[in-house]
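Subject: Structure for your reading

Dear colleague,

Please find below the structure that I promised to hand over. My notes on it follow directly after.

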Amino acid sequence: MPRSNPTLQVVRAGAKASSPRASAEAGTSTQRIVESITAAIVERRLMPGTKLAEQKIADIFKVSRTLVRQALNQLSRDKLVTLEPARGARVAEPSIEEARQVFEVRRMLESAMIRSAASGLTDVQLAELRAHLRAEQAAVQRTDVSGRTRLLADFHVVIAQMLGNRVLADLLVDLVTRSSLIALMYQSSHSAEHSFAEHVAIVDALSRRDARAAVKLMDEHLHNVEHNLRLDPRTPDLTDALKPYAP
């Protein structure tokens, strides 16, 4: 998840300056808000365009509006929240062009990642990936929408973490979160079952140490996810829209 700024200094009510302990607690509270809002976006509990009222968030987390404002500023830097002088903070509404760019970057990044994973993951790590797949399958079968969404997204980040590349993992966290936000706006009939099956095929290829097949499967998987988004909306035709309701 996005990191909090370690240099933040918070003046608590009734105090002229914050102590080191108070600053640490404030940083933890800010990060908790950041992670909670991010999780709500990934799990599709917060829709694009949703207003994020500072006071309401402060009441929920029992913190000052100053800390909420810091969290929203961080989320804004991560492109998950937009801040406008007149409208306040809202969950971001990514454009079609941004959506295309996000998936283009993911394909480039994850092709290289999965090629490394084919030779770099240990048998123990592959067994852990299989356990992750079982969790995905269970969430899909019980129609746990938020759970399966999180697990399907985490699959990509877990592989990066297993490779021991923290920078790559952080980049994927950001991209996968933005992908989830994009899916909220443009997703059509994308099937969680289909994504799970594609993840299984990718892990099968990794288990065979077949880098070429793994890269091909990952590219196809990301292409399929993008394909199931409505990134080419038609201009609505008035006659087509209203004819079903005409007498």
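I begin with Lys62, which counts as exposed because its relative accessibility is 72%, above the 50% cut-off for that class. Please bear in mind that the model is a predicted one. Lys62 sits in the loop between helix H2 (54-61) and helix H3 (65-77). Its phi is positive, about 55°, although Lys62 is not a glycine. Most residues other than glycine have a negative phi. Lys79 also has a positive phi, near 70°, and is placed in the loop between H3 and strand S1 (81-84). With a relative accessibility of 48%, Lys79 counts as partly exposed.

The nonpolar cores

The largest nonpolar core has 34 residues, of which Ile114, Leu129, Phe155 and Leu206 touch the most other members. At least two residues of this core come from each of helix H4 (96-120), helix H5 (123-141), helix H6 (145-162), helix H7 (166-186), helix H8 (192-207) and helix H9 (211-227). H6 gives the largest share, eight residues. A second, separate core holds 23 residues, among them Ile33, Phe61, Ala71 and Leu181. In soluble globular proteins, nonpolar side chains tend to be buried together.

Beyond its neighbours within four places in sequence, Leu206 is in contact with Ile114, Ala117, Ala118, Leu121, Leu126, Leu129 and Ala214.

Helix H5

H5 has 19 residues, which at 1.5 Å a residue should span 27 Å; the C-alpha atoms at its ends are 27 Å apart, in agreement with this. Which residues of H5 are buried? They are Gln125, Leu126, Leu129, His132, Leu133, Glu136, Ala139 and Val140. An α-helix has 3.6 residues a turn, so residues three or four places apart point the same way. The cover over the buried residues of H5 includes H4, H6 and H8.

On the other side of H5, Asp123, Val124, Arg134 and Gln141 are exposed. For Arg134, the relative accessible area is 54%. The C-alpha atoms of Arg134 and Phe196 are 9.7 Å apart, while the two residues are 62 residues apart in sequence. After H5 comes Thr143, with a positive phi near 55°.

Salt bridges

A search of the whole structure finds 11 salt bridges. In one of them, the side chains of Glu98 and Arg178 meet at 2.6 Å, N to O. Glu98 belongs to helix H4 and Arg178 to helix H7, so this pair ties together parts that are 80 residues apart in sequence. Glu98 is partly exposed at 23% relative accessibility, and Arg178 is partly exposed at 22%.

Arg130 forms another salt bridge with Asp204, where the closest N and O atoms are 2.8 Å apart. Since Arg130 lies in helix H5 and Asp204 in helix H8, the pair ties together parts that are 74 residues apart in sequence.

Arg166 and Asp170 also meet in a salt bridge, at 2.7 Å, N to O. These two are four residues apart in helix H7, which means that about one helical turn separates them. Arg166 is partly exposed at 45%, whereas Asp170 is buried at 16%. Finally, a network of salt bridges links Glu54, Arg65 and Arg69.

With kind regards

Methods: Residues are numbered from 1 along each chain as its sequence is written. Side-chain values use heavy atoms; hydrogens and water are left out. A nonpolar core is a set of buried Ala, Val, Leu, Ile, Met, Phe, Trp, Tyr and Cys residues joined through side-chain atoms within 4.5 Å. Buried means under 20% relative accessible area, exposed over 50%, partly exposed in between (1.4 Å probe, protein chains only). Contact means heavy atoms within 4.5 Å. The expected span of a helix is 1.5 Å times one less than its number of residues. A salt bridge is a side-chain nitrogen of Lys or Arg within 4 Å of a carboxyl oxygen of Asp or Glu.
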